[in-house]
Amino acid sequence: MPESGIISVHGVTKEFNSATDRSVTALTDIDLTIAEGEFVSLLGPSGCGKSTLLRILADLTPPTAGTVQVNGKTPAAARRDRDYGMVFQQAGLFEWRSVRRNVELPLQVAGVAKEERRNKASAMLDLVRLEDFASHFPWQLSGGMQQRVAIARALSADPKILFMDEPLGALDEMNREHLQAELLRIWSDTRTTVVFVTHSISEAVFLSSRIVVMSARPGRIAANIDVDLPYPRTAATRTTPEFFEKVTQVRTVLHGMLAAGETS
Amino acid sequence: MTVRADAGRPPSAQAGRAAAVIRRGAPVVVAAAVILGGWELVVRLFDVPSFILPPPSEIASALSAQFGTILSASRVTVQAVLLGLVLGAVGGVLVALVVSRFHKVSAPILGVAVIVNCAPIVALAPIFNNWFGVTNVLSKAGVAAVMVFFPVLVNTARGLLQVSPLHLEIMESLAANPRQVSLMLRLPGALPFLFNALKLGSTLAVIGVIVTEYFGGPSNALGVYIAYQAALPRFAEAWAGIFIASLLGLAMFGLMTLLERLFMPWHASLHGDEK
Ligand SMILES: Nc1ncnc2c1ncn2[C@@H]1O[C@H](COP(=O)(O)OP(=O)(O)OP(=O)(O)O)[C@@H](O)[C@H]1O
Ligand SMILES: [Mg+2]
């Protein structure tokens with residue numbers, strides 16, 4: 001039964017511009033089950049359909065075929081019930097709102113009373129360690145801080161699931177590693193299920209409990225790799241032989257896949 | 001290089017600000033002095049008759065003699081300007097809100113609005129005087145309102161429709177309803193466009209009211225005063241009225257700029273006054 005995970009995807013295919021001569025098959029025959037509390041990364045080369053798969057889960061685009069369940073419902077119902085929070089590659093903060101009011105946005109849309117909104121936003125800003133910047137406007141923050149606000153915003157309504165599409169992609173290496181550690185801390189604090197899109201192998205290995213490797217043209221799932229490095233993972237984890245081993249394993253799969261793609 | 005740049009900087013922030021004011025204000029003062037001086041000199045040197053151009057000194061003395069009259073005349077005019085501005089702005093924003101909700105009709109309606117916006121709406125002045133009566137404030141405010149309405153409509157609609165796709169997607173992921181998308185995203189995003197239109201509209205409103213008053217109005221209106229003095233003919237007094245009318249336009253523009261800063265504190269970045 002599809003209810004075996006908090007997210008289940010069966011036979012999903014996505015074709016853009018179907019019935020025209022510019023039709024693109026972004027995904028073919030995707031099967032994926034994600035259990036509650038997992039941190040799953042979707043990893044693959046550019047254009048393999050990672051974002052498309054995430055957007056199907058989030059009901060931002062419909063699949064052409066196949067069935068999807070999110071939190072035991074259709075993605076549309078899950079979106080209406082606000083079962084998930086979403087973080088995009090760009091922070092996308094509303095520049096006319098203060099940091100606090102940006103974090104309050106999902107609660108305001110959900111009709112939560114002002115008092116509770118404020119308390120919740122404060123708690124979220126504590127979580128991402130931006131409590132001193134609550135009344136700042138987005139333009140006064142660095143890119144990394146803005147992305148932390150976006151994460152706080154996605155978490156403010158206590159979603160069961162967090163969808164993240166290359167949320168750290170626009171950041172420099174230092175900020176990126178710092179936020180990766182923060183993200184793991186937040187994940188272990190909130191126990192949300194995370195689906196995380198990236199094309200960085202080391203990022204996927206550091207963060208994930210499982211990596212779903214995707215291949216391009218047509219986009220399909222090439223491998224599921226469990227990352228059995230123990231949590232909590234810290235900066236020290238990155239220097240362990242086990243970490244290197246895992247990175248090498250994932251890289252081998254990716255390269256083998258690319259080589260196979262070239263010969264076929 | 002850096003040493004020299006630092007040495008050239010004033011010792012304290014206060015002095016720096018004063019220097020900045022002087023640096024920015026000085027050219028204006030100098031330019032005004034040169035223009036007024038040149039004007040006075042040319043008029044006196046070539047003995048220009050005052051019905052063509054009175055010297056600034058004469059205008060200044062007319063202004064001080066007539067100050068009370070002009071001021072009370074301005075009050076009536078200011079009321080019409082403000083009423084017209086509010087009516088035009090509220091109307092423009094409301095229609096923009098409706099139009100931007102219906103994508104199919106928005107393009108043709110906005111196309112027509114852009115064309116009407118190019119027409120000399122002030123030519124409606126005598127008609128409005130007929131409709132509402134010359135002494136009715138609505139005849140003046142009406143012309144101003146129509147002049148304000150179109151730029152506000154066109155700009156606000158543009159702002160409402162030009163929303164970042166990412167922001168729209170965020171609202172969609174939050175399952176926001178259309179009303180929430182309008183109130184929390186489209187409207188605040190359109191504010192910069194609205195205030196640009198209001199700054200333009202505030203000066204248009206002054207023009208609309210003054211010109212409509214040229215065609216008749218309550219005896220204590222600025223446009224009526226200017227037209228009356230020019231007909232007498234007392235040109236220095238007419239010019240004094242024109243001077244006050246220009247100040248009124250500037251003041252309205254300043255008021256809109258003030259409102260803009262008040263309503264959009266986040267735009268501090270654009271004003272360059274970082275703390
Ligand atoms: N709206 C769209 N219309 C048409 N084609 C699309 C659309 N969105 C994506 N595609 C196509 O679908 C394929 C997968 O795109 P997708 O954005 O999901 O890739 P991705 O794995 O996220 O890539 P990246 O790592 O570069 O973000 C690409 O070939 C892309 O051109
Ligand atoms: Mg992508």
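Me: Hi! Which side chain does the side chain of Lys160(A) make a polar contact with?
Reply: Hello! The partner is the side chain of Glu36(A), at 3.4 Å. A polar contact is a pair of N or O atoms within 3.5 Å; within protein, one must be able to donate a hydrogen and the other to accept it, and residues adjacent in sequence count only if both atoms are side-chain atoms.

Me: Before we go on, what kind of model is this?
Reply: This is a predicted model, where local features need pLDDT of at least 70, side-chain atom pairs count only at pLDDT 80 or more, and totals for chains, interfaces and linings use all residues. Residues are numbered from 1 along each chain as its sequence is written, chains are lettered from A and ligands numbered from 1 in the order in which they are written, and side-chain values use heavy atoms, with hydrogens and water left out.

Me: Which residues is Lys160(A) in contact with, leaving aside neighbours within four places in sequence?
Reply: They are Ile6(A), Glu36(A), Asn71(A), Asp83(A), Thr192(A) and Thr193(A). Contact here means heavy atoms within 4.5 Å. As for Gly37(A), 123 residues away along the chain, its C-alpha atom is 8.8 Å from that of Lys160(A).

Me: New topic: the ligand. How many residues surround ligand 1?
Reply: There are 13, and the closest are Ser46(A), Gly47(A), Lys50(A), Ser51(A) and Thr52(A). A residue is near a molecule if one of its heavy atoms lies within 4 Å of it. The shell divides into 4 nonpolar, 7 polar and 2 charged residues.

Me: What lies 2.5 Å from an oxygen atom of ligand 1?
Reply: An N or O atom in the side chain of Ser46(A). A polar backbone atom of Cys48(A) is 3.2 Å from a ligand oxygen, and a polar side-chain atom of Glu166(A) is 3.5 Å from a ligand oxygen. The protein covers 63% of the 630 Å² of accessible area that ligand 1 has on its own. Accessible areas come from the Shrake-Rupley method with a 1.4 Å probe; for residues, only the protein chains shown count as cover.

Me: Let's zoom out. How many helices and strands are in chain A?
Reply: Chain A has 8 helices and 9 strands. Of its 264 residues, 54% count as buried.

Me: Can you show me some residues in helix 3, please?
Reply: Gln108(A) lies in helix 3 (residues 99-109) of chain A, and Gln108(A) is buried because its relative accessible area is 19%. Its contacts beyond four places in sequence include Gln180(B) and Met184(B). Asn102(A) is in helix 3 too, and it counts as buried at 0% relative accessibility. Among the residues that Asn102(A) touches are Leu93(A), Phe94(A) and Pro138(A).

Me: Last one, the backbone. Which peptide bonds are cis?
Reply: The bond from Tyr231(A) to Pro232(A) is cis, with omega near -5°. Another cis bond joins Leu232(B) and Pro233(B), with omega about 0°. Most residues other than glycine have a negative phi, and most peptide bonds are trans.

Me: And what about phi for Asp47(B)?
Reply: Asp47(B) is not a glycine, yet its phi is positive, about 55°. Asp47(B) counts as exposed, at 63% relative accessibility. Ala175(B) also has a positive phi, about 60°, but Ala175(B) is buried, with a relative accessible area of 18%.

Definitions and conventions. Nonpolar A, V, L, I, M, F, W, Y, C, P; charged D, E, K, R; others polar. Helix = DSSP H or I, 4+ residues; strand = E, 2+ residues; numbered from the N terminus. Buried < 20%, exposed > 50% of the residue type's maximum accessible area, 1.4 Å probe, protein only.
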